[in-house]
Amino acid sequence: MDQTDICTLESLRRAKTDFHNKLCRASIDSDPLLLQKLRSENVFVLSEFFFLLSAFDLIAHPNKLEAYILSHNRQLNDLIASDERRKLMGLEVPRLKRGVFSMIQVHKAKANLLSATPGLDQADIQRLTIMLFSPETGRRVIECLEAAGFLTRVATPYYSKIVQSHGTIEKFFAEYLAQVRNDVPQGGTPKPEVQT
Amino acid sequence: MKHAIRALIAAPFLLAGAAQAMPCDGIDLSLREAVQEVLVSAETPRISGWARYLNETFYTEVSCKLSHGMNAEDVLRLRGEPEVLLDLIMGTYMTRNQSDALMLMLSAMKDGSGEKS
């Protein structure tokens, strides 16, 4: 048995458990059903999304956001055109089409960053995470994080909801990564990457 | 035809899934009716026929699972797109690996930030 592998696995599992524990402890509402939802995989995945948005500083720069959205559109169109890849990922064309931004929606997303309440519209987040989960599931995860006090949704006169993160989930996600980095035993021989 | 095949593929997953139901917050009758309406009103006769064949227990089970992510209004928005609803229903029974999608997301964000992916 390779102890390094076991220690690595333990480190990963421990860091992820700690991440969810921190979310539960920091939640402003201790309703058991909410805490159960905070421990779900979808919460972890949406936290990763917010962490990356922050890490790449995409919310602060409309041009960066536009480049991201256009790249996202290209990925979706590639998947729509590739039956084999799409099936491997377990995704369907109607769902992917719901995630593609029109040029008007791209401009609105950029304009939202320059408004008095800068942030991404909930509908834009649902489009950007369409490969991860359905828009309905995305909304529920956002509502869960809002109920826990990690996000705020600001209603606009244009019937949109701007989602603003308070930074806690990004901080906990960064701590999760740091914990993995620090806990994984050093000195193991890296194995060649397996090509699939 | 494609939709009908998908429906036939989905059915065994749904029926098998009923045996390992997740706890439900309570039966949402409007959600159950919405699911039934979207499937029964499908243009593809094989989906609508299949939908009529299924009993109340089946619809209760499906709406219980969907209630973790949707309400009746969400489901009714899919009227005319029963294949999307079937996709969602299947998603409640099979946990999809999100790693590949997360890698694509990371790559798109790298493009946005100007870093090479």
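**Reading a predicted model of two chains**

Student: Is B:L86 buried or exposed, and how do you know?

Tutor: A residue is buried if 20 or more other C-beta atoms lie within 10 Å of its own, exposed if 12 or fewer, and partly exposed in between, with C-beta atoms placed from the backbone. B:L86, which is in helix 6 of chain B, has 25 other C-beta atoms within 10 Å and is therefore buried. Of the 117 residues of chain B, 34% count as buried; of the 196 residues of chain A, 32% do.

Student: Why are helix 3 and helix 10 of chain A called roughly perpendicular?

Tutor: Axes are lines fitted to C-alpha atoms, for helices over the stretch in contact, and angles run from 0 to 180 degrees between N-to-C directions. Angles under 35 degrees count as roughly parallel, over 145 as roughly antiparallel, 65 to 115 as roughly perpendicular and the rest as oblique. The axes of helix 3 (residues 41–55) and helix 10 (residues 168–183) of chain A come within 8 Å and cross at roughly 95°. Helix 3 and helix 10 of chain A are therefore roughly perpendicular to each other.

Student: Which residues make this contact, and what counts as a contact?

Tutor: Two residues are in contact if their C-beta atoms, placed from the backbone, lie within 7 Å. Helix 3 of chain A contributes A:S47, A:E48, A:F50, A:F51 and A:S54, and helix 10 of chain A contributes A:I169, A:E170, A:F173 and A:A174.

Student: How does helix 1 of chain A lie relative to helix 10 of chain A, and what makes it so?

Tutor: Their axes come within 9 Å and cross at roughly 155°. That angle makes helix 1 of chain A roughly antiparallel to helix 10 of chain A. Residues of this contact include A:F19 and A:L23 of helix 1 and A:F172 and A:Y176 of helix 10 of chain A.

Student: What makes a group of residues a nonpolar core?

Tutor: A nonpolar core is a set of buried Ala, Val, Leu, Ile, Met, Phe, Trp, Tyr and Cys residues joined through C-beta atoms within 7 Å. The largest such core has 43 residues, and those with the most contacts inside it are A:V43, A:M131, A:L145, B:M105 and B:M109. Helix 7 of chain B and several elements of chain A, including helix 1, helix 9 and strand 3, each supply at least two residues of this core. Helix 3 of chain A gives the most, with 6 residues. Leaving aside neighbours within four places in sequence, A:V43 is in contact with A:L23, A:K37, A:L38, A:V141, A:C144 and A:L145.

Student: How many residues of each chain are in contact with the other chain?

Tutor: 22 residues of chain B are in contact with 25 residues of chain A. On the side of chain B that touches chain A, helix 7 of chain B supplies the largest share, 11 residues.

Student: How is that side of chain B divided by class?

Tutor: Ala, Val, Leu, Ile, Met, Phe, Trp, Tyr, Cys and Pro count as nonpolar, Asp, Glu, Lys and Arg as charged, and the others, Gly among them, as polar. The side of chain B that touches chain A accordingly has 10 nonpolar, 5 polar and 7 charged residues.

How values were computed:
Residues numbered from 1 in each chain as written. Chains lettered and ligands numbered in written order. Predicted model: local features only at pLDDT ≥ 70, side-chain atom pairs only at ≥ 80, totals over all residues. Helix = DSSP H or I, 4+ residues; strand = E, 2+ residues; numbered from the N terminus.
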